Number of protein chains: 2
Amino acid sequence: MNVAESLKRLLVGRKLASTQLGETLLPKRIALPVFASDALSSVAYAPDEIFLTLSLAGIAGYAFSWPIAVAVAVVMLVVVLSYRQTVHAYPSGGGDYEVATVNLGRRPGLVVASALLVDYILTVAVSVSSGVQNAKAIFPQLVGHEGIWAAALILLLMTLNLRGVRESGTFFAIPTYGFMVAVIGMTLFGAFRILGLGEELHAPTADYTIVGDPFYGSLTSIAVVVLLARAFSSGCAALTGVEAISNGVPAFKEPKSRNAATTLGLLGAVAISMLGGIIWLANVTGTKVIDESSGVVLTRGEEVVRHTDTIMGQLAATVFDGFYPGFLFVVATTMIILFLAANTAFNGFPVLGSILARDGYLPKSLHTRGDRLAYSNGIILLAVAASTLVLVFNASVTALIQLYVVGVFVSFTLSQLGMLRHWTRHLRTEVDPAARAHMVRSRAINAVGLTCTGTVLVIVLAAKFIYGAYLTVVAMALLFALMWAIQRHYAKVARETALDPSETRTLPSRVRAVILVNELNKPAMRAINFARASRANTMEAVVVAADPDAVEQLRDEWDELNPGITLTVIASPYRQVVAPFLAYVKGLRSGNPRDVVMVYLPELVVGHWWERLLHNQTGLLIKARLEFFPGVMVTAVPYQLASSQVALERAVRSDAAAWRRPGSGAVHVGAHLDD
Amino acid sequence: MNVAESLKRLLVGRKLASTQLGETLLPKRIALPVFASDALSSVAYAPDEIFLTLSLAGIAGYAFSWPIAVAVAVVMLVVVLSYRQTVHAYPSGGGDYEVATVNLGRRPGLVVASALLVDYILTVAVSVSSGVQNAKAIFPQLVGHEGIWAAALILLLMTLNLRGVRESGTFFAIPTYGFMVAVIGMTLFGAFRILGLGEELHAPTADYTIVGDPFYGSLTSIAVVVLLARAFSSGCAALTGVEAISNGVPAFKEPKSRNAATTLGLLGAVAISMLGGIIWLANVTGTKVIDESSGVVLTRGEEVVRHTDTIMGQLAATVFDGFYPGFLFVVATTMIILFLAANTAFNGFPVLGSILARDGYLPKSLHTRGDRLAYSNGIILLAVAASTLVLVFNASVTALIQLYVVGVFVSFTLSQLGMLRHWTRHLRTEVDPAARAHMVRSRAINAVGLTCTGTVLVIVLAAKFIYGAYLTVVAMALLFALMWAIQRHYAKVARETALDPSETRTLPSRVRAVILVNELNKPAMRAINFARASRANTMEAVVVAADPDAVEQLRDEWDELNPGITLTVIASPYRQVVAPFLAYVKGLRSGNPRDVVMVYLPELVVGHWWERLLHNQTGLLIKARLEFFPGVMVTAVPYQLASSQVALERAVRSDAAAWRRPGSGAVHVGAHLDD
């Protein structure tokens, strides 16, 4: 235990107190890499997925890459503008879940929560998978083991996140800025070589011809619409992560909302620039990508190629041909930013889980336990779910992307609808003309946002449903049903246990104490003495005569030592202990419903698991059964054997860092005992 | 649960009360088949194993079958005479274990117990395996699946034995007598045909020649001694089961000892007759058996035979040639008696286990729990161990017999040594000349018994050690070590908890009651009211401020409803609940060592396993930790939710038959509460 504990401290770091929360607040320059790496990193795979889908129609399809990039950029712009409204209106960090719950009701709110939980998991799976795919350009030995490596990296991320948000913020800032420099630098350098120096840059795949799927070869109108819808849907992966900022507002430095909105704007500008730059470069240099599983191949004369590097890898090799450090910098920062993108989900998922636990949609014990501010339980759950996905799909981005994006757009759409209601509601009461004008403008922006995200949601669902999105829908439905059931259960319990003010003062009329004894030893004597100290109305020691010889001996000892209370011997014709004792306790109760029976069980506290098998077995059975008897309380009177010291020391060691004497923190409320 | 419960009742039958024990006492005519079937049934495989071992030396080896049979019969006679002394001297049923413990000490007693436990398991495994081997003469489809069938039959026996001893007695009497009739009838009819009618009977294998192992072909003096020792050791399997009667004396009708001694004598006479008859018939009819795994084969001209039926099967076919019902009767009763022999162990093993549990060598909960007189736990343990053996050895008698007999002779030898001491000790004080003469005679018999069984033990160990007996020795040593450790643990605990008479009256000086609350609801109110009824010196409700908003709300409610006691708010800078609460309780204690802290935990009682995940998790953690605090008692105040009704009904159903109101069975001892 000591080693495990030390290891945990080493990995998880020192604990953070609530008052230390201020320390973890993020300035904009740190918040951008922490929360925006998801959206930024998707330029590493969104162009690939657009080109891959279009390649089904052969080289002719590539002509549509520009319009699709523009469409994605427009949607991005609209979503960023919409969320700037949200960040100002709801600075508490509930994000889309809060917006939907407050304005639309609990069910839509829970739909948003389910959607976001699923999409957080997919963000981790897709980003890490894409990171591993990009890493193959440098480490070809990864081929064939993508799933395992992706799972290992997810576990590494989990460990980093269990250490807390601030360390990860600092840790992640440099490579994120490095990625921005790499991609924008590459685009500018490429543009300089082409436009400034007039060079002609040729991608490694520029001389090849794409042999597309014959089905799309003719480019009939229906087929081309379906294909463009799929390409656009995959491209929309670039939009995930925008909502992460709206969920993370409380982590920003003051003024929180304003800083968050600025960061959101920056994110939009940078992401659109990078996406545009890459698609332009790819078109100019004749870059081509194919997906092995789709059957599309590249040909040059007799040569047939079935596998290409990622667009980012090809562009880096083209723009920096002959300058290996430049190539390496682009590929390495791409790899790293993708792992950091997964980190965005590790920030958002546990926060949302904790909020859901607070609202009773998840077990309440998840809300406050865990000894780290970053909600360890949620982090571990996310890591397990994402690892499972990458192992099942062997870290194939093209397969995982089909499940992706649905959740985010469900959340976008419901959130925009909620914002629309929000402004409409506030406009009903607001009288200040300036504020009203501001609200009308915000409502207009959110209305455009709703139309846009709703349309994209329909397109994404239709285009991806049979390719995998149905799995996402099923997962969302299951999560929704589970959380709804948990909430209903808690609500039912709360109703059932709600206090009826008239009952508060009905004290039990009589307390009957029963001490179950087996032998007359120290544990039994301690139980008897403790029971006597509580001054019950009647008190008796009880033994079940399962072993007549032993009981005879006990009676003799009792007469001799006279512990001061009656010993009742219960007959046990079937040599049982539990059933006759329960029947006896039941008989004590039946007289007066306001009577209380207090059962004292002497218990031996031992230090080793195997000692537990040798002691207290009967007591455990009795406790489990007495639970169901109303008006019966069970008091365990522990007797600590010397061997229990081992277990105590183990427990103290693991609690040592956690304990702090409450001191002046204890506050007393209400009347003192009035009788 | 209802179906499972009904099924259990159907299989296990109605429960038996202690007062019904008289009903299960056995008359001699029932006791013989119940306890003696083991020893009798071994004539079904002991001759086979003698002949199989001798066949290694080719046909010349068979000449030694007669001397070996005589040696086994002599040992049998000595053992039976010796045990008649034991049955009279120790009628309580502890058998060899009791004899060794009383006269030699606890360690030798435990050696005997370990040996007997191992041998009971082997009795079941060998008998059932031999039954399956014999059954192959009628059901050839069993070939290749012996292990599975043997395991299935052991489970069937387990079920029958869980129903109780009397049913199995009646159930097993008829086939046991049938077997005696079959074997003795076959021997007499064969003798009549050979001696009376002068016929020449030829076994199916009479015309074949045995090709033995070349190593034994020369019959050098060392090799022949080793071979004869192995053959004799296997033949000694006929002696197992004799001690079963000495363990089973309390199950006999009065006069118990006399009836048991008579049954023992009958058993010896019948077993020796049957063994002699079969070996005579086998020699006269030229019966040959071989073991496939030893490499010995039968040849006739070009023909090579690698598999033969059992001796019993060949003799039945020879003596009753042309009279199929006669053949069928012999084989069928042989098969059945072997399964019944296993039943002997199912009678003895749980009784011994229960005695060992009483003496603290096995978990004490095994002694009295279980709702059937036949000690369900031991029966199940035996069945599991024996099933494992038959599956591992695929029900091969020749393999299992190498492990067998060692335990019984360890037990025989130590028991005879104990009897010798017993008589010597009694002779020191006895003055009546008639009684002294009787004792001297008994001591002489036991001295012969000791010499004889000790010699056989050495022979058996030496002859079988490398062939498998070492496994038995290891198993015995492990069992011994385990039981010794358990006993040491119980003794240590008993010393540690033994009452110091001076302490008996030191009552706690002050009781401080602490009620852990989370919300102000019915469960909390019930806990508060119950705590108030116990009139502690100080009393407070405590809440841990892990969620500041929730605590704020609780304080407001507290002020409004005023439950009559103080609410203490414990600061929790790390948002934990368990650690700050434990620290607070610790702080309450530290003042006065004679103070007692009584912690009341409101608990929700739920009906489904999944509901448990949603409630009481924190309470469980707190209970587990508070165990280690001396002077702190934890009282669970259960609040039964409506859903707990489900679980209650389930529990009541399963207890319904077990519960009987104690009524006049309760006896009160000692003084009434004196303050």
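**Entry 1: chain A.** First a reminder to myself that this is a predicted model. I looked up the secondary structure of chain A and got 26 helices and nine strands. The chain has 675 residues, and 53% of them are buried. Then I checked contacts with a separation of 6 or more: in chain A, 84% of these are between residues 24 or more positions apart.

**Entry 2: the cores.** I went looking for nonpolar cores next. The largest one has 161 residues, and Val128(B), Ile154(B), Ala238(B) and Leu275(B) have the most contacts inside it. Helix α14 of chain B, residues 324–358, gives the most to this core, with 19 residues. I picked out Leu275(B) and listed what it touches, leaving aside residues up to four places away in sequence: Val43(B), Ala46(B), Pro47(B), Ala69(B), Val72(B), Ala73(B) and Ala238(B). There is also a second, separate core of 160 residues, with Leu32(A), Val34(A), Ile50(A) and Val78(A) among them.

**Entry 3: a helix pair.** How do α5(B) and α18(B) cross? Their axes come within 8 Å and cross at roughly 50°, so I noted the two helices as oblique to each other. The crossing is left-handed. On the α5(B) side, the contact is made by Asp96(B), Val99(B), Ala100(B), Asn103(B) and Leu104(B). The α18(B) side includes Ser411(B), Leu414(B), Met419(B) and His422(B). I sorted the residues of this contact by type and got six nonpolar, five polar and two charged.

Note on methods. Residues numbered from 1 in each chain as written. Chains lettered and ligands numbered in written order. Predicted model: local features only at pLDDT ≥ 70, side-chain atom pairs only at ≥ 80, totals over all residues. Axes fitted to C-alpha atoms, helices over the stretch in contact; angles between N-to-C directions. Helix = DSSP H or I, 4+ residues; strand = E, 2+ residues; numbered from the N terminus. Parallel < 35°, antiparallel > 145°, perpendicular 65-115°, else oblique. Left-handed = near helix turned anticlockwise from the far one by under 90°. Contact = placed C-beta atoms within 7 Å. Nonpolar A, V, L, I, M, F, W, Y, C, P; charged D, E, K, R; others polar. Core = buried A, V, L, I, M, F, W, Y, C linked by C-beta atoms within 7 Å. Buried ≥ 20, exposed ≤ 12 C-beta atoms within 10 Å, placed from the backbone.
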